[in-house]
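Subject: Model for you to look at

Hello,

Here is the structure I said I would pass on. Please open it next to this message and follow along.

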Amino acid sequence: MAKVKVAFFCTNCGAESPKWMGQCPSCKAWNTLVEEKVVKTKNDRLENQPDWRTVGNGTSAVSAGPIGRGPRPIPLNEVTAGEVERIEAPDRELNRVLGGGIVPGSIVLFGGQPGIGKSTLLLQLALRLGKKVLYVSGEESEEQIKMRADRLGGADHNCYLLTETNTDKLLKHAASLKPDLLIADSIQTLTSPHVDSMAGTVSQVRECAAELQRFAKESGIPVFLIGHITKEGSIAGPKLLEHIVDAVLQFEGDRNYTYRILRTLKNRFGSTDELGIYQMDASGLREVSNPSELLLSERDENLSGSAVCATLEGMRPMLIEVQALVSAAVYGNAQRSATGFDLRRLSMLLAVLEKRAGLSLGNQDVFLNIAGGLRVDDPAIDLSIIVALLSSAQDVSISPELCFAGEVGLSGEIRAVTRIEQRIQEADRLGFRGIYVSKYNVKGLDPDRYSIRIHTVSTVRELYDELIA
């Protein structure tokens, strides 16, 4: 007979406690323990459990007995590493993020804000993969999914729909159908009959993820999960969910803009530095193979306050436009606003301009925007922000054939940035005539390889004298 047990689980890390406490003993978070009922189908203590004893030297030994037919320890040099045959998706951006394709038997978690396009992306994959796909939805009906599929380009006879939340029934259908890919939308709506709690709770998310992981590893069928996120932007549910899966992909973007970025937070089969870029339109998500040309297509050549930065998103070089507006503060205290950039970093760059370049900005409103709705954390964007601020403050336009890449220090020095060759190659490919970099970045660099002219600067004051003064 099933045994009902009451336990307390941390909503932050998933740790289990036999009683309620104000602070989680594992992650030290306050007021995160919630009471849940757990149904045990068998005793916690296994039969024929080995008898552990302590010997005289302080080590432990087990009583003699048969080990059985299980995995045995083998030397590492005897293990043969074979090539994994990946399933190539029709989406090149997804292939890049996953490290070259879908690994059989892997389990991948997709996270993102509501309405950002997670279900659209995976339904597009199911319709265009060309293999048998089981799409399981616990949030929408078959009719709703069919309407979206028609908008994305029509139905596919290899795509099977199932509206089910019970994991036992779900896995039975999957075992009978034997699909090449299983998609679950979403993990927070699934429930396991072995746990007596509501869908979305810590124990349910943990148990459902564990059951799907066992199914993926035993059958070799890859499983894609869609996960909700919290208001802080992290995956909802216990942190154990991210440890169970093989890859965690975050779908980011502003719903008011058309661009979406698929970023890798964890990947056991590839690099975490890759990312995919999409553009949302009426027919779904479209791959953006050359984001630099799209982001720079609406520039006005004769206006001040604009500069181009050669940045990196993961391992991918991109050229983006930085816009700045500096105007007199007529409504009291000066305002500071930044869209797509860290506001504290902007305050630091303004202080550097006042101290090192002699530019008085204390009574000026400063507004900064990264064009295209992107958010950039690359330190190399500092130099283009400095140039855009100087251009707007002095009302001097910067040549549209120039771009910038450099980090600015507190003493006003221009510091070197990583992968400068990739940045220069991207600017050269797009037809820019000049790029400003730190003088410390040109060591070992052959400028004759590029048709673009490489300008070197060492301080903010030197940059100001060359471009503005």
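This is a predicted model: local features need pLDDT of at least 70, side-chain atom pairs count only at pLDDT 80 or more; totals for chains, interfaces and linings use all residues.

Numbering runs from 1 along each chain as its sequence is written, and side-chain values use heavy atoms, with hydrogens and water left out.

**Domains**

The chain divides into domain 1 (5-38), domain 2 (85-289) and domain 3 (294-468). These bounds come from an automatic or database domain assignment. The centres of domain 2 and domain 3, taken over C-alpha atoms, are 38 Å apart. Across that pair, 15 residues of domain 2 are in contact with 11 residues of domain 3. Contact means heavy atoms within 4.5 Å.

**Cores**

The largest nonpolar core has 48 residues. Such a core is a set of buried Ala, Val, Leu, Ile, Met, Phe, Trp, Tyr and Cys residues joined through side-chain atoms within 4.5 Å. Buried means under 20% relative accessible area, exposed over 50%, and partly exposed in between (1.4 Å probe, protein chains only). I320, L353, I381, I385, L389 and F404 have the most contacts inside this core. Its largest share, seven residues, comes from helix α9 (residues 382-394). Helices (H or I, at least four residues) and strands (E, at least two) are DSSP runs, numbered from the N terminus.

Look at L353 in particular. Leaving aside neighbours within four places in sequence, L353 is in contact with G358, L359, L361, I386, L389, L390 and V460.

**Cavities**

How many cavities of 30 Å³ or more are there? The count comes to two. A cavity is a set of points on a 1 Å grid over the protein atoms alone, where a 1.4 Å probe fits but cannot get out; lining residues have an atom within 4 Å of a point. Points are joined across faces, edges and corners, and a volume is the space filled by probe spheres set on them.

The largest cavity has a volume of about 40 Å³. Its lining includes R86, L98, N267 and F269. By class, that lining has six nonpolar, three polar and one charged residues. Here Ala, Val, Leu, Ile, Met, Phe, Trp, Tyr, Cys and Pro count as nonpolar, Asp, Glu, Lys and Arg as charged, and the others, Gly among them, as polar.

The second largest cavity holds about 40 Å³ of space. Y259, I261, I277, P291, L295, M318 and L374 line it. By class, this lining has seven nonpolar, no polar and no charged residues. β13 (259-267) and α7 (291-295) each supply at least two of the lining residues. Domain 2 and domain 3 both contribute to the lining, so the second largest cavity lies between them.

**Backbone**

Three places to check. A cis peptide bond joins D185 and S186, with omega about 5 degrees. S186 is in the loop between β9 (181-185) and β10 (195-196). K28, not a glycine, has a positive phi of about 65 degrees. K28 lies in the loop between β2 (16-17) and β3 (33-40). D395, also not a glycine, has a positive phi of about 55 degrees. D395 sits in the loop between α9 and β20 (402-404). D395 is exposed, with a relative accessible area of 62%.

Best wishes

Conventions:
On a 1 Å grid over the protein atoms alone, a cavity is a set of points where a 1.4 Å probe fits but cannot get out, and a pocket is an open set with protein on both sides within 12 Å along at least five of seven lines; lining residues have an atom within 4 Å of a point.
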